[in-house]
Amino acid sequence: MESTLFLGFSLDAWITIVTVVSMFTILLFTRWRSDVVFLGAIGTLFVTGVLDAKEAFSGFSSTSVVTVGVLFVVVAGLTRTGVLYVVVRYLLGTPDSYSKAVTRLMLPVAALSSFLSNTTVVSLFVGIVKMWSKRLGVSPSKLLIPLSYASGMGGVCTLIGTPPNLIISGLYEEKTGVAMNILTTTIPGLFCLAVGIVSVIAMRRLLPNRKAPESAFEQTGEYTVELRVPSDNPYIGQTLNEAGLYHINGGSLIEMYHYDHAPLPVREDEIIMGGDYLIYAGHIDEIYEIAVRHNLVAADHHVFSMSEIDENSKLRTAYVNFGSSLIGQTIKDIGFEKDTNMILAAVSRRGERINKAPREVVLEAGDTLLLVCPGDFNVDKTRSDICFFDSDDVPSIGYGTLISTAIMIAMVTLSALGVLPLLQCAFLAAAAMLLFKCCNMDQAMKAINWEILMVFAGSAVLGIAIQKTGIAEWMANGILDVCGTNPIVVMTAVCFVGTFITEFISNTAAGAMFFPIMYEAAEKLGYDPFPFLVALMISVSSSFATPIGSPTHMLVYAPGGYRFSDFMRIGLLMNIIILAANILIVNIVYPLTPLP
């Protein structure tokens, strides 16, 4: 029996508290890798004897963690076969009002995020929304925050849509032996999504009207953009003149060649064929308007300088990530250019180009960089420091698109009907993606994010430590002392704290940390913990008030030209609104049931 040392806590409990606080402090104020920090926390709890070997490393064999790893392969198949591109192409359209635009954007994003990685969905949509906003005459900043919000609210609609849902449902199954259905959170999630869409439209005046960051570079000279004619393009067989691709506003066609790179004469009666490459010179925004109107895709998403129309260097825009090692430094003081073989051409901040030597600029999070990249540039070299606005991946849309979609639907259906557990369904879906060549083995392995899996495993272990050392029971008793014995008040209080904690820490970690607290509180009140945990799932994924509250917020932060306060203006109200909607709908769909 452990002796009580201070404030009713055992030595093991204090070690756990110090470990958790230290871990989150390091994550907030340093640039250390999150997987290393979580591994250090696991090691500390194991070495100090708080957890034995089985408990300390149980996270790596957790059903929820394994499920996430397998789902990365399923998502790779869907992404590589262009399922997301098909959705974007046919669902966005050209709405005639802001309200319709927000609805047309948020609904498909939420639907995709219910089954795919939120960051994958938002990464795809960021560039598309920026082009779409120009066509609609709306600032991208009016649409990119709703884009990020939709991915978060859509993610809670299924167990596989967001990490906390899998962690909490996995811990619940380990505790009770009862597995949650994959659609457990669907009705509450859809209700919160509907409330969220209405709230964004009602509070649209709180969304900033910012200039797109890369617009600062659009008047720095004349650029060229290389575009490709997809095989299903309706203009195939027409001449350049007939298709309206020869004479364009703000630029001109300067080069054309077939898919085999055989050069062609640039003349207005040249016939367009599938796979043709068209190189236009002019202003970037005008050329991309041509691409949108004529269903052209980026050849390799590289923008070239007029003085170097070859494959040796490419002009690209990127933004500085939160936590980047570049923050607070100038490019000349570090070996970034030498290490990456890139040259910094210009820097903009909040949509305005900084008119000083770019290598002399002290960089900040969200700064936009104009970079001259080598032809053999490897984006993986810079992934932790900067994120490019464009992507090198151009999926081919065809037969594989239908196959991957069918596999995904089958996986969800089999799991929802209880034919097979979710993990088995995920394994079968991943195997089918490989069997039907929706993705190859290399793509599948590269799609697995080992850093995220380490965070998942570490989060599950933290939950075990908080439960084992009595911290969860102590916190549950404290909540009951403050809130009384009204179950809805207790549910609201824990969800309220969870919502705001997840603004600063990983929602996965928040879910694992609050699971034992919510479970203990529900049992002490004499109620089935199930509805309490459903409410917790939604609350720890409802982070709207800070750009560091979600990886998707960080993805849109720089492209939207946002400031930190932009998220707080609308996000604090969104937190309260979604919390209220969450508590209301969960208690309607899953009425509180006293324990026998």
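Of the 18 residues of helix α4, 14 are buried, so α4 is largely enclosed by the rest of the structure. The model is predicted. Helices α6 and α8 cross at roughly 35°.

**Helix α4**
- Helix α4 covers residues 63-80.
- Just after α4 comes G82, with a positive phi of about 80°.

**Helices α6 and α8**
- Two packed helices are described by the angle between their axes and the distance between the axes.
- Here the axes of α6 (residues 98-113) and α8 (residues 141-155) come within 8 Å.
- The crossing is right-handed.
- On the α6 side, the contact residues are Y98, V102, L105, M106, V109, A110 and S113.
- On the α8 side, they are K142, L143, P146, L147, Y149, A150, S151, M153, G154 and G155.
- By type, the residues of this contact divide into 12 nonpolar, four polar and one charged.

**D566**
- A polar atom of the D566 side chain lies 2.7 Å from the backbone nitrogen of R563.
- Beyond its neighbours within four places in sequence, D566 is in contact with I145, P208 and R210.

Note on methods:
Residues numbered from 1 in each chain as written. Predicted model: local features only at pLDDT ≥ 70, side-chain atom pairs only at ≥ 80, totals over all residues. Heavy atoms only, no water. Axes fitted to C-alpha atoms, helices over the stretch in contact; angles between N-to-C directions. Helix = DSSP H or I, 4+ residues; strand = E, 2+ residues; numbered from the N terminus. Left-handed = near helix turned anticlockwise from the far one by under 90°. Contact = heavy atoms within 4.5 Å. Nonpolar A, V, L, I, M, F, W, Y, C, P; charged D, E, K, R; others polar. Expected span 1.5 Å × (residues − 1). Buried < 20%, exposed > 50% of the residue type's maximum accessible area, 1.4 Å probe, protein only. Polar contact = N/O pair within 3.5 Å; in protein donor to acceptor, adjacent residues only side chain to side chain.
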